[in-house]
Amino acid sequence: MTAIDGAVAAALQLESVRRRRRLVKALGWTSLALAVLWFTANEIGLNPIALAKGRVHMWDFLTRMFPPDLSYIQFLGRATVETVQIAVWGTLLAVVFSIPLSLLAARNTTPLIRIPWFNEHWERLGLHLLVFHTTRMFLNCLRGINELIFALIFVSAVGLGPFAGVLAIALHATGMLAKFCGEEIEGVDRGQVEAMQATGASKMQVILFAVIPQAIPAFISYSIFRFDVSIRSATVLGLVGAGGLGFSLIKTLKLFRYPETATCILVIFLLVWATDWVCSKWRAKII
Amino acid sequence: MADPVQAAQEDVLAALIARKKWRFHHIAFMAVGIAFLAWAADGVDLSPKELADGIPKIAKYFALMIPPKWVFADTVWQPAIETVYIAIWGNVLATLIGLPLGVLAARNITRLAPLRFFAKGTLNLLRSISELIWAIFFVAAVGLGPFPGAVALGMNYAGILGRLYAEAMENIDPGPVEAIQATGAGRIQVILFAIFPQVLPQFVTYMLYWFEVGVRSATVLGMVGAGGIGFELVTTIRLFEFRETAVVLLIILAMVTIIDLASSMIRSRIY
Amino acid sequence: MITLENVSKTYEGVSKIVALRNVSIEVKEGEFLVILGPSGAGKSTLMRCINRLVVPTGGRILLDGREVTSRRRELRAARRDIGMVFQQFNLVKRLSVLMNVLSGRLAYHTFWPSLLYRFDQDDKRIAIECLTRVNMEHKAFQRADTLSGGEQQRVAIARALAQEPKVILADEPVASLDPKIARQVLTYLKQIAGELGITVLCNLHQVEYAREYAERVVGLSQGTVVFDGPSGKLTDDILQQIYYRDPETADDRD
Ligand SMILES: Nc1ncnc2c1ncn2[C@@H]1O[C@H](COP(=O)(O)OP(=O)(O)OP(=O)(O)O)[C@@H](O)[C@H]1O
Ligand SMILES: [Mg+2]
């Protein structure tokens with residue numbers, strides 16, 4: 001029995017040592033996190049008191065929005081349709097652009113740059129993947145810039161209207177879609193690819209018959225998801241004058257017609273919610 | 001000796017032939033689709049002419065940005081950092097609000113259907129209203145500045161993250177949950193000991209990913225006066241200061257790239 | 001110790017499934033009882049009824065003379081007295097072995113200390129003793145998902161033991177283990193019943209193990225008890241009844 005007691009005591013001892021070590025580590029990380037949060041909170045003037053004080057204004061804002069002026073819906077039909085149209089074309093263009101771009105942005109399908117007698121150095125420097133890296137970088141730029149920024153720039157380049165909105169959504173969504181799909185293509189099952197290579201198929205044939213079919217379901221599924229996101233983005237493009245419901249929202253807000261603003265928000269909510277529902281059903285059907 | 005390439009090609013051919021049966025169906029469907037797209041294109045002023053007109057204009061716009069006016073970076077780096085702070089706090093608030101709501105919305109945790117629907121509804125509401133609209137609301141409440149921006153981001157992302165958290169919790173292995181229940185543990189103990197450990201890695205992944213996205217979103221909050229680099233961006237664009245705009249854009253790109261790299265590094269380390 | 005009186009369970013779903021019909025069993029303290037039956041006989045359902053992971057649709061279950069009910073506080077107390085071991089081990093994979101065993105102590109505490117994953121020194125001592133009993137103390141600080149199946153099941157037994165239970169329910173504890181490890185796990189369970197005086201109910205579908213380990217066997221077939229007696233009396237005839245009973249005659253019987 002004493003042998004067992006000894007083993008238990010030893011394990012308990014070890015446990016307390018480990019616990020202390022873990023505690024120190026946890027305390028360290030927690031205090032670091034708290035310090036960061038504290039510092040950043042100060043920097044951005046975050047304080048609950050201001051929020052609590054602001055509740056008077058919030059309440060005022062809310063009460064002035066209620067009841068929503070539902071008759072305003074009749075003027076929102078056009079804007080709602082436009083929002084959907086922007087999202088449809090934005091996403092469609094993105095899908096079209098993404099097909100070639102995602103092939104360029106995957107290591108296993110991108111065209112390699114080869115110079116016969118210079119190959120080894122070329123590869124060691126990664127220069128044979130020049131097309132791949134350039135495409136990825138380009139896509140990262142598209143991804144990194146919010147569609148609203150694009151919209152703002154396009155509005156000032158080509159004028160107010162949904163056209164700027166479509167281009168903005170198309171560019172940002174292309175970045176997202178092509179990068180995702182490029183990664184999907186890189187992740188295809190090697191077995192099928194090798195089986196096809198072993199038969200002496202050309203590179204193009206391998207891509208067409210072994211790579212693309214594997215990546216298609218994910219691509220479609222992600223495109224549908226992107227459409228859902230695009231609808232949500234399209235509801236705010238109007239804030240910078242690029243068409244859709246956001247324009248009505250900002251207009252009524254600037255004119256202090258809050259009950260109408262409330263109606264806009266309501267319509268936006270319903271539109272986003274309905275799209276979400278449709279898209280999730282659609283995606284479930286495809287997978 | 002079947003040649004796989006040939007076999008695959010034959011498969012595709014066979015599939016195409018099989019489809020012939022549905023040809024009429026398909027043509028009708030496509031006609032409706034094309035009509036719809038044409039109508040939509042008309043609605044958004046999208047036409048070859050418009051494109052031929054617009055794209056050179058956009059190209060010219062970007063050409064005017066060169067060379068960037070680098071000294072402007074002195075003015076912009078501070079708002080850029082503020083943007084990151086907004087994203088940090090936006091995501092912290094999002095988790096603080098979204099996690100409890102997510103727990104309430106998860107089918108396998110909350111048995112009470114009305115409570116679940118209430119939580120789901122709230123998450124949907126938070127999610128559907130874009131952070132910019134929330135920002136307008138909070139700016140009206142507490143005045144201009146990054147603070148309402150962070151709260152606005154928090155509201156929208158609480159909806160997004162809360163739903164993801166709820167889905168993650170609904171998809172866990174129910175075995176350990178039953179095992180802990182069978183020991184006589186209470187409801188909250190079951191959540192802490194059987195559910196959270198299972199979903200923790202996924203939660204961290206979500207937080208990091210949405211932090212990245214949050215930084216990108218926070219770059220536009222300034223357009224409605226909610227802090228961050230968006231304000232400088234709007235100002236330079238409105239004043240047609242192309243070369244300054246270029247600097248702002250490059251700084252945004254640099255910031256986003258650094259954060260993407262950092263976050264993917266952290267993500268690859270959790271398992 | 002445990003009394004089941006006419007326990008029935010019907011699963012309501014697209015179609016009604018009668019999983020248990022009027023099962024009555026009386027189990028004495030410290031007994032090692034094996035419930036034997038083919039797949040789908042209702043063995044798991046029977047066990048889950050005892051700790052109310054499944055709510056029976058009819059009959060009563062008494063633990064130590066007191067009825068097990070759905071009232072939250074009483075149920076927690078009853079579950080604390082009933083340890084459970086599963087076929088799939090059901091350890092929380094990302095927690096350490098020790099933490100898994102400690103989770104058997106949760107019912108002794110309110111949730112406040114649990115909020116920080118804290119336990120008393122006493123809890124820890126008990127947990128380590130339980131691990132020692134199944135010879136797993138040397139892996140106490142490893143993550144549960146790094147263990148082999150047999151080791152995981154031993155940890156799961158330790159978790160049940162840490163509850164200081166009066167009863168252990170083992171639902172096919174060896175079905176996913178190879179024969180050697182299976183015998184080892186059954187030996188641990190048998191030892192527990194003998195040395196600690198804990199009543200053990202164990203579901204099995206292999207007859208050899210039942211013959212080898214059980215003192216008493218209950219044969220279950222299509223939700224009814226078709227045999228109840230010492231393992232020595234398990235004749236081929238009775239096995240035939242348990243495993244190949246004609247569904248027609250089953251319906252005639254009720
Ligand atoms: N949650 C449930 N809902 C509906 N029917 C169920 C449920 N759980 C079990 N059943 C049904 O009840 C019957 C008995 O199932 P049970 O799991 O108790 O059998 P078992 O003897 O444990 O079988 P096995 O050896 O395969 O584990 C089966 O017909 C099963 O389909
Ligand atoms: Mg079973």
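A polar contact here is a pair of N or O atoms within 3.5 Å, where one must be able to donate a hydrogen and the other to accept it. With that in hand, here is a look at two interfaces in this predicted model.

Start with chains A and B. Across their interface there are 11 residue pairs in polar contact, both partners at pLDDT 80 or more. Helix α6 (residues 131-142) of chain B brings eight residues to the side that touches chain A, the largest share. By class, that side of chain B has 47 nonpolar, eight polar and 10 charged residues. Three salt bridges turn up across this interface. In one salt bridge, A:Arg143 pairs with B:Asp260.

How much area do chain B and chain A bury between them? About 5700 Å², with 79% of it on carbon and sulfur atoms. B:Val44, B:Trp89 and B:Phe147 supply 12% of the area that chain B buries against chain A, more than any other three residues.

Now for chains C and B. Here 10 residue pairs are in polar contact, again both at pLDDT 80 or more. On the chain C side, α2 (72-80), β6 (82-85) and α4 (111-115) each supply at least two residues, and α2(C) gives the most, with four. That side of chain C has 14 nonpolar, eight polar and nine charged residues. The rule finds one salt bridge here, between C:Arg48 and B:Glu178.

| Salt bridge | Closest N and O atoms |
|---|---|
| A:Arg143 with B:Asp260 | 2.8 Å apart |
| C:Arg48 with B:Glu178 | 2.7 Å apart |

As for area, chain C and chain B bury about 2200 Å², of which carbon and sulfur atoms give 62%.

Conventions
Residues are numbered from 1 along each chain as its sequence is written. Chains are lettered from A and ligands numbered from 1 in the order in which they are written. This is a predicted model: local features need pLDDT of at least 70, side-chain atom pairs count only at pLDDT 80 or more; totals for chains, interfaces and linings use all residues. Side-chain values use heavy atoms; hydrogens and water are left out. Buried area is the accessible area (1.4 Å probe) that two parts lose on being put together, summed over both. A salt bridge is a side-chain nitrogen of Lys or Arg within 4 Å of a carboxyl oxygen of Asp or Glu. A polar contact is a pair of N or O atoms within 3.5 Å; within protein, one must be able to donate a hydrogen and the other to accept it, and residues adjacent in sequence count only if both atoms are side-chain atoms. Ala, Val, Leu, Ile, Met, Phe, Trp, Tyr, Cys and Pro count as nonpolar, Asp, Glu, Lys and Arg as charged, and the others, Gly among them, as polar.
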